[in-house]
Every structure is written in structure tokens, then in C-alpha cells.
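Hi there,

Here is the structure I promised to pass on. My notes follow below it.

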Amino acid sequence: MIVLSVIDPSKQAFVVFKTQVQYPRFVREEVKKIAEDVILKPLHSRMKSFGYSQKIIDGTTIENIIVNRTGSMSFDVVSDYDSESGFDVAKAREEGTDDHDLPKVPGRIYSWISGGFVRAFSRGHRVKGITATNVVQKTVQEKTTEAQARLNEATDRFIARSLKE
Amino acid sequence: MAVSERVTLSILSDSDFNRGGIFGGQGEALPSSIIKKKRKAESSRAADSVLAAINKAADKKSSAAVVKVSEFTQLKNQVNAQEKILSIFQKGQGLLQGASGLTTASGIAGAGLGALRIIPGAAIAVTAAKIAYEKFVSQFGKAGTRDTRKKVLAEDVSDIGVESESDITSGRKLFLSNPMRLQGLPRGTSNTADLRDGTRIHKQRKEGSYL
């Protein structure tokens with residue numbers, strides 16, 4: 001419980017006003033730190049354990065932090081990586097794909113390591129679908145409550161600090 | 001289009017500041033309590049139980065600190081099962097238990113491949129071919145079933161050419177204990193050895209035998 005022991009009402013009004021003005025900026029900075037600690041770091045390590053390419057991991061960030069004065073704020077966890085041909089690799093890993101044909105690209109050949117030691121080539125072939133991981137969705141669902149708890153504690157500390165000044 | 005998940009959190013609103021709910025006298029709530037009340041009104045009780053579990057987990061003495069395997073972990077294990085099996089094949093483990101019958105199609109296919117339905121056929125064929133090749137080559141090596149070194153040695157010893165054989169039997173080429181005798185150099189051997197060598201030479205030239 002925070003109690004303003006200051007008797008002077010004008011000082012009390014000033015403290016409240018100052019805190020109210022500083023609050024949105026505090027929320028923006030604090031949420032950025034909390035989102036990276038609580039959501040982004042576990043998400044990156046889970047992506048690594050799923051065998052995601054480092055390019056997809058590097059392309060997963062926190063964006064669009066919006067603070068409202070009506071009592072809510074939001075941000076987006078975005079995972080974005082496209083191949084050279086424009087194929088959305090991050091979305092394919094997240095949502096999965098069906099069995100499909102790799103298209104023939106004029107002047108280019110597909111190349112990969114088969115069986116761990118043989119380099120294989122092809123102009124286009126059928127590949128099996130990728131299992132959906134939904135790692136971004138599940139991690140966000142799991143970690144949102146913890147992020148809220150951390151923000152609540154940070155808010156308490158911020159208000160207490162404001163009162164001491 | 002990128003993958004995007006929106007996260008919405010509750011914070012203090014202007015009305016919370018203005019009506020003095022935070023900075024009032026005794027009996028007023030902490031800012032976090034106000035936020036929690038607001039969030040409780042918006043979300044289900046499941047979120048509160050998760051929050052309580054997180055708080056308890058932070059306390060290592062609590063029994064709730066034992067973390068259960070989440071649905072995420074189960075999915076991760078399921079997805080990684082295919083990669084694990086493929087890596088075992090690549091290392092050659094679990095594929096072969098012996099060399100017998102390896103080079104036959106039934107030998108390769110029957111070598112404990114319960115996961116055949118999961119692994120792509122190309123990977124199996126390539127890995128099996130590599131191991132079969134190594135086993136086949138090792139058969140020609142030392143003590144292998146197809147070791148031909150002894151045969152070569154025997155042939156070299158047994159067949160030195162017709163001309164050489166006729167030279168030896170006629171006495172033109174001599175196998176003596178002391179080769180210095182043939183070259184006309186001081187032999188440095190005993191009289192007994194000379195007698196032996198002389199007898200051998202005579203018998204070879206006259207009778208066509210070493211003995």
C-alpha cells in the first residue's frame with residue numbers, strides 16, 4: 001500500500017501530475033525490457049531447439065509498442081524471414097506446409113546435403129510438408145501472464161520511487 | 001506475410017491517476033492490485049491460476065516449483081523425433097548388427113529398420129550403400145574373406161620363369177651358402193663348407209639336383 005504522508009495537497013497534486021506524465025514513457029521502456037527478457041529470449045531458445053535457421057531467429061523481434069491512456073498497452077512479436085525467391089520461410093515453419101513441388105527456377109539448381117555426406121542436385125522435385133511448430137503462438141500464450149506480473153511489480157516500484165522524490 | 005502475435009497488457013489509465021485510487025490514504029490499493037483487478041475482469045480465471053503458479057514456482061520451497069512438462073515440450077519432442085532418427089542413420093548406428101548378408105537387399109532392409117516408414121527412402125539407400133561399400137572393401141584387406149595377398153605371394157615364389165628354372169637346374173645359377181665362391185673372392189669359410197659347396201655344385205651340374 002502506498003500512502004502519501006505529505007499533508008500539503010498542492011504537493012500531492014504535483015506528484016500525481018508528474019507521475020501521470022512520466023508513466024507512459026516508463027511503460028514503453030519497461031515493457032520493451034520485459035518483452036525481451038520474458039518472451040523473446042525463451043522464444044529464440046525454443047526456435048533454436050526446433051532447429052530453426054539463425055536467420056529466422058534474428059528476424060524475430062518486438063515491434064509496434066503502443067501505450068494507450070485507457071488502461072492497456074500492446075506490442076507485436078514478429079517473425080519475418082523470406083527466401084531469395086520470396087517464399088515466407090518463417091510462416092512455413094510456424095504454420096507448417098503440405099507436401100508440395102519445388103518449382104523449377106530458370107538458370108538455377110537446387111542443392112542440398114542428403115544423408116549427411118552426399119551433395120544432391122535437382123531442377124525441381126516433390127518434397128514432404130513441414131510439421132507446424134506454432135512456437136511463436138504458444139510461447140506468447142505461455143509468457144503473457146508472466147510479462148503482466150513483471151509489469152505490475154515494475155509499476156509498483158515506479159510509483160513508490162515517484163513518491164520518494 | 002510475417003508471423004505476428006499481438007500481446008496486450010493492462011496498465012494504469014488516466015482515470016486511475018485522476019480519481020486518486022493510487023495515492024489515497026489507508027485502505028487504498030497498490031497500483032498492481034488495481035491492474036490485477038482490471039485484468040481479472042477482462043481475462044479468465046485460468047490466467048490467475050497460471051500467475052499464482054508462476055509466483056509459487058519462484059519460491060523454491062513450494063511444491064509447485066516442480067515444473068511440469070508443457071504442451072510445448074511435448075510438441076518439440078514429437079517434431080524432433082524425425083531428426084533424431086535420421087541422425088542415428090547418418091552415424092550408422094542401429095542400422096547394422098553384423099557383416100553377414102549385408103550386400104543383399106534383404107540384408108540391408110532387414111537390419112532393424114522399424115522407422116523405415118518415417119525416413120525418406122533416398123537417405124536409407126545412400127547410407128546403406130556407404131556402409132555396404134566399406135564392408136565390401138574391408139573383405140579384401142588383411143584376414144578378409146577375399147584376401148588375395150597369399151595367392152600373389154605363392155605365385156611369385158612358385159613361378160620364376162622358364163629361363164630361370166632351366167638355369168638353376170643346369171647349374172648355371174647356383175644357390176650356395178657362401179656367394180663369395182661364385183665371384184672368385186676370398187671365401188673366408190672353413191674347409192668343410194667348401195667341400196659341401198663343391199659337392200653341391202657337382203651334383204647340380206651333373207645330375208640336375210641340389211641334393
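This is a predicted model: local features need pLDDT of at least 70, side-chain atom pairs count only at pLDDT 80 or more; totals for chains, interfaces and linings use all residues.

Residues are numbered from 1 along each chain as its sequence is written, chains are lettered from A and ligands numbered from 1 in the order in which they are written, and side-chain values use heavy atoms, leaving out hydrogens and water.

Let me start with A:Ser79, which sits in strand S2 (residues 72-79) of chain A; strands are DSSP runs of E with at least two residues, and helices are runs of H or I with at least four, numbered from the N terminus. A:Ser79 is buried, at 2% relative accessible area (buried is under 20%, exposed over 50%, partly exposed in between, with a 1.4 Å probe and protein chains only). Its contacts (heavy atoms within 4.5 Å), not counting residues up to four places away in sequence, include A:Met47, A:Thr60, B:Ala2 and B:Val3.

Most residues other than glycine have a negative phi. A:Asn64 belongs to strand S1 (residues 60-67) of chain A, while A:Asn134 lies in the loop between strand S6 (126-127) and helix H4 (135-164). A:Asn64 is partly exposed at 46%, and A:Asn134 is partly exposed at 23%.

On chain B, B:Val137 lies in helix H6 (residues 121-138) and is partly exposed, with 40% relative accessibility.

Best wishes
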